[in-house]
Amino acid sequence: MDDAKKSKNARSAFQTLLNALDGMDWKYDQDDEKLRVDFSVQGDDLPMDFTVMIDDDRQLVRLISFLPFKFPKETRVEGAIATSQINYKLADGSFDYDLTDGEVSFRQTSSFRASLISPKMLQLMVNCAACTVDDYNDRLFMLSKGVLSLDDFIRALTE
């Protein structure tokens with residue numbers, strides 16, 4: 001696919017993303033040049049920040065949410081095990097974990113190559129990501145602080 005066609009598809013996908021967020025009455029900051037939106041959602045416990053980018057080269061919608069804490073050195077191995085256990089259960093998206101600094105993020109992608117995407121699909125993507133982050137961010141935070149043991153964390157995942 002030539003660059004002009006990719007760019008046109010990406011701009012269309014970006015407009016669809018804006019329509020999807022408007023349809024949800026969500027407030028966001030948009031960067032038309034970078035085809036990017038940033039927004040925050042208050043979960044049941046911790047606030048969640050999201051960035052959604054339209055990747056014109058790879059024809060992808062890319063969503064990322066950085067959790068608002070890092071695992072300290074003394075609990076980083078537990079964090080790696082916990083994120084691996086969560087990812088094993090997830091049907092869509094995944095948590096990324098940086099063992100070097102303890103940073104945790106959630107990412108999700110969807111392709112629009114040779115296809116059309118609808119606002120409804122993007123709403124489902126954003127809602128799925130928000131629910132997934134909200135389901136696990138508090139438990140990961142408690143694990144990072146040593147309030148929750150790894151055994152209890154894993155036991156809760158299997159219940």
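Mentor: Contact here means heavy atoms within 4.5 Å, and with that in hand we can read this chain, bearing in mind that the model is predicted.

Trainee: Leaving aside its neighbours within four places in sequence, which residues is Leu 140 in contact with?

Mentor: Once those sequence neighbours are set aside, Leu 140 touches Leu 67, Phe 69, Phe 71, Ala 82, Thr 83, Ile 86, Phe 95, Val 104 and Phe 153. Leu 140 also belongs to the largest nonpolar core, which has 45 residues, and it is listed with Val 37, Phe 39, Phe 50, Ile 54 and Phe 95 as having the most contacts inside that core.

Trainee: Which element gives the largest share of this core?

Mentor: That is helix 3, residues 119-144, which contributes 9 residues.

Trainee: How should I place these elements within the whole chain, and how many helices and strands are there?

Mentor: The chain comes to 4 helices and 6 strands, and from the N terminus on their order is α-β-β-β-β-α-β-β-α-α. Of the 159 residues in the chain, 43% are buried, while among contacts with a separation of 6 or more, 54% join residues 24 or more positions apart.

Trainee: Where are the buried residues of helix 1, and what do they pack against?

Mentor: The general idea is that an α-helix has 3.6 residues a turn, so residues three or four places apart point the same way. In this structure, the buried residues of helix 1 are Lys 6, Asn 9, Ala 10, Ala 13, Phe 14, Thr 16, Leu 17, Leu 18, Ala 20 and Leu 21, and they pack against strand 1 (29-31), strand 2 (36-42), strand 3 (47-55) and helix 3. Helix 1 itself covers residues 3-23 and reaches 30 Å from its first C-alpha to its last, close to the 30 Å expected at 1.5 Å a residue; it is followed by Asp 25, whose phi is positive, near 60°.

Trainee: At what angle do helix 2 and helix 4 pack, and how far apart are their axes?

Mentor: In general, two packed helices are described by the angle between their axes and the distance between the axes. Here helix 2 (residues 76-89) and helix 4 (residues 150-158) pack at about 5°, with axes 10 Å apart, which means that helix 2 is roughly parallel to helix 4. On the helix 2 side the contact is made by Glu 78, Ile 81, Ala 82, Gln 85, Ile 86 and Lys 89, and on the helix 4 side by Leu 150, Phe 153, Ile 154 and Leu 157.

Trainee: How many residues of each class does that contact have?

Mentor: The contact of helix 2 with helix 4 has 7 nonpolar, 1 polar and 2 charged residues.

Note on methods:
Residues numbered from 1 in each chain as written. Predicted model: local features only at pLDDT ≥ 70, side-chain atom pairs only at ≥ 80, totals over all residues. Heavy atoms only, no water. Core = buried A, V, L, I, M, F, W, Y, C linked by side-chain atoms within 4.5 Å. Buried < 20%, exposed > 50% of the residue type's maximum accessible area, 1.4 Å probe, protein only. Helix = DSSP H or I, 4+ residues; strand = E, 2+ residues; numbered from the N terminus. Expected span 1.5 Å × (residues − 1). Axes fitted to C-alpha atoms, helices over the stretch in contact; angles between N-to-C directions. Parallel < 35°, antiparallel > 145°, perpendicular 65-115°, else oblique. Nonpolar A, V, L, I, M, F, W, Y, C, P; charged D, E, K, R; others polar.
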